[in-house]
Structures are given as structure tokens and as C-alpha cells.
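Student: I would like a close look at a single part of this protein. Please take me through it step by step.

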Amino acid sequence: QVQLVESGGGLVQPGGSLGLSCAASGSIFSINAAGWYRLPPGKQRELVATIISSSSTNYADSVMGRFTISRDNAKNTVYLQMNGLKPEDTAVYYCHITARTVAWGPWRNYWGQGTQVTVSS
């Protein structure tokens, strides 16, 4: 059983910063890709950022230069630092990992429960 627990959401004013964390626990053998997605109100879920390694990251155009994704493999934790937040960043943010629980086992997708980020004055 693999569980993802997100933290760090909240209310922030435009131009402010927030940091999200996603800690994976359970029977994890290894994590391949990890990422953050978000569900804005009244819209579909969208990719925010993904990371395979520190040199292999991908960002949505809308957050490029403002958000930074990182990971700590020793802690099985993924982070999202969000700077220069805008009202359009308001959404429920979900953590996602692709992991396997045993060596040579199948890669599976896991999702966190989501954390609300609201950008408003």
C-alpha cells in the first residue's frame, strides 16, 4: 500500500509564495516520475510540473519561471515551490508519482488527496 500525503496549501495574496510537500509512504521500492497537477474551479485537471531527476523537469507554460519542482529521494518526498502567485493559480493541487513496490515489479500511478491553494486579496 502506497500513500501520498500533501501539505502546505492555503490562502495567499497575489504575488505571494507557497511551498507544497508530498510525502510518499508505504511499501515503496522506487519512484520513477513525480509531479504536481491541479484542478482549477470549473476547469479540467492540468499538469503543473513533473520531475524525474534534478536535471529532468517539465513545467506548464503558465507556471514556467515562477514554480520550481524538486524531490528528495531519501525521504520519498516531492516539493513544489510557488512564487509570484496569481489568482489564476487557485486550484486544488494533487501530487502524483509513478512507483513500484518491489524490484522488477510493475510501475503504478499513485495520487495524493489534494490540497487547496487560493490566491486572493
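Student: Leaving aside its neighbours within four places in sequence, which residues is Thr-77 in contact with?

Tutor: Keep in mind that this is a predicted model. Once neighbours within four places in sequence are set aside, Thr-77 is in contact with Cys-22, Ala-23, Ser-70, Arg-71 and Asp-72. Thr-77 itself belongs to strand 8, which covers residues 77-82. Is Thr-77 buried or exposed? Its relative accessibility is 9%, and buried means under 20%, so Thr-77 counts as buried.

The protein chain has 11 strands and zero helices. Its radius of gyration is 14 Å, close to the 14 Å that the globule rule gives for 121 residues, so the chain is as compact as a globular protein of that length. Along its principal axes, the C-alpha trace spans about 50 × 25 × 25 Å. Of the 121 residues, 40% are buried, and Thr-77 is one of the buried residues. Among contacts with a separation of 6 or more, 56% join residues 24 or more positions apart. The accessible surface of the chain is about 6500 Å², and carbon and sulfur atoms account for 49% of that surface.

How values were computed: Residues numbered from 1 in each chain as written. Predicted model: local features only at pLDDT ≥ 70, side-chain atom pairs only at ≥ 80, totals over all residues. Heavy atoms only, no water. Helix = DSSP H or I, 4+ residues; strand = E, 2+ residues; numbered from the N terminus. Buried < 20%, exposed > 50% of the residue type's maximum accessible area, 1.4 Å probe, protein only. Contact = heavy atoms within 4.5 Å. Rg over C-alpha atoms; globule rule 2.2 N^0.38 Å. Areas by Shrake-Rupley, 256 points an atom, 1.4 Å probe, with all protein chains shown as cover.
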